[in-house]
Amino acid sequence: MDDDMKYFIKNSQRIKGKTAYFEFLPGRYRNRSWNRNSIYLAPELVDRSGMEAYIKGFDYYGVTEVEIQELYELGDRVTESDPLLSEIVNELLNWVYAMAEEPKCITIIGM
C-alpha cells in the first residue's frame, strides 16, 4: 500500500528536521504528534487542493477530527469538481481501507 502513495508519506519518509506537514492520524487525537501509524501531507498540497474549504471546521494550525463517513461523502462530492483533491481523498480512503480495523474518525493535525 505505501508504495502506491503519490501524495502522502509515512513518518519514516519525512525529511529529517522538516516539520511542515499535516499529519493524518487514524482515530482521535492523543495529545501527541509524529505518530508511527500516521501519514503526512505537505502544506503545498493542502493549499493547492483547497481541502480546507471542503472539511467542516478545518483548522490549519490546530486539530480537526473528521468522521470516516464525512470522508466518504467528500470523496463522492469532489470526484469531478476537483481532480487533485479527488486523488488526495481517494489515497486517504485507500489508506483507511488497508487498516485491519477501520477507525471511526481520522484526526488532521495542522501545522
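How exposed is Trp34, in terms of relative accessible area? Trp34 is partly exposed, at 27%. Hold on to that residue; we will come back to it. One caution before we go on: this is a predicted model.

Let's start with the whole chain. It has three helices and five strands. Along the sequence they run β-β-β-α-β-α-α-β. The radius of gyration is 13 Å, and the globule rule gives 13 Å for 111 residues, so the chain is as compact as a globular protein of that length. The C-alpha trace spans about 35 × 30 × 30 Å along its principal axes.

Of the 111 residues, 47% are buried. The accessible surface is about 6,400 Å². Carbon and sulfur atoms account for 47% of that surface. Residues 24 or more positions apart make up 65% of them.

Next, strand β2, residues 22–26. How many of its five residues are buried? Five of the five, so β2 is largely enclosed by the rest of the structure. Look at its two faces. Phe22, Phe24 and Pro26 sit on one side, Glu23 and Leu25 on the other, and all are buried. Both faces are covered.

Which strands pair with β2? One is β3, in the antiparallel sense, over three bridges. There, Phe22 stands opposite Leu41. Another is β5, residues 105–109, again antiparallel, over four bridges. On that side, Leu25 has Thr107 as its bridge partner.

On to the aromatic rings. A search of the whole structure finds seven aromatic pairs. Take Phe22 and Phe58. Their centres are 5.9 Å apart, with 35 degrees between the planes, and the pair is tilted. Why does this pair tie together separate parts of the chain? Phe22 lies in β2, while Phe58 lies in the loop between α1 (43–49) and β4 (63–67), so the parts it joins are 36 residues apart in sequence. Both Phe22 and Phe58 are buried. Ring pairs link Phe22, Phe58, Tyr60 and Tyr61 into a cluster.

Back to Trp34, as promised. Its ring pairs with that of Tyr40. The centres are 5.4 Å apart and the planes are at 25 degrees, so this pair is stacked. Is Tyr40 buried or exposed? Tyr40 is buried, with a relative accessible area of 1%. Trp34, remember, is partly exposed at 27%. So one partner falls under the 20% cut-off for buried, and the other falls between 20% and 50%.

Most residues other than glycine have a negative phi. Trp34 is another, with phi near 60 degrees. As for cover, Asn31 is exposed, with a relative accessible area of 69%.

To recap, β2 is largely enclosed and pairs with β3 and β5. One of its residues, Phe22, joins the ring cluster with Phe58, Tyr60 and Tyr61.

Conventions
Residues are numbered from 1 along each chain as its sequence is written. This is a predicted model: local features need pLDDT of at least 70, side-chain atom pairs count only at pLDDT 80 or more; totals for chains, interfaces and linings use all residues. Side-chain values use heavy atoms; hydrogens and water are left out. Rings of Phe, Tyr and Trp (its six-membered ring) pair if their centres lie within 6.5 Å; planes under 30 degrees apart count as stacked, over 60 as edge-to-face and the rest as tilted. Helices (H or I, at least four residues) and strands (E, at least two) are DSSP runs, numbered from the N terminus. Buried means under 20% relative accessible area, exposed over 50%, partly exposed in between (1.4 Å probe, protein chains only). Two strands pair if DSSP finds at least two bridges between them. The radius of gyration is taken over C-alpha atoms; the globule rule is 2.2 Å times the number of residues to the power 0.38. Contact means heavy atoms within 4.5 Å. Accessible areas come from the Shrake-Rupley method with a 1.4 Å probe; for residues, only the protein chains shown count as cover.
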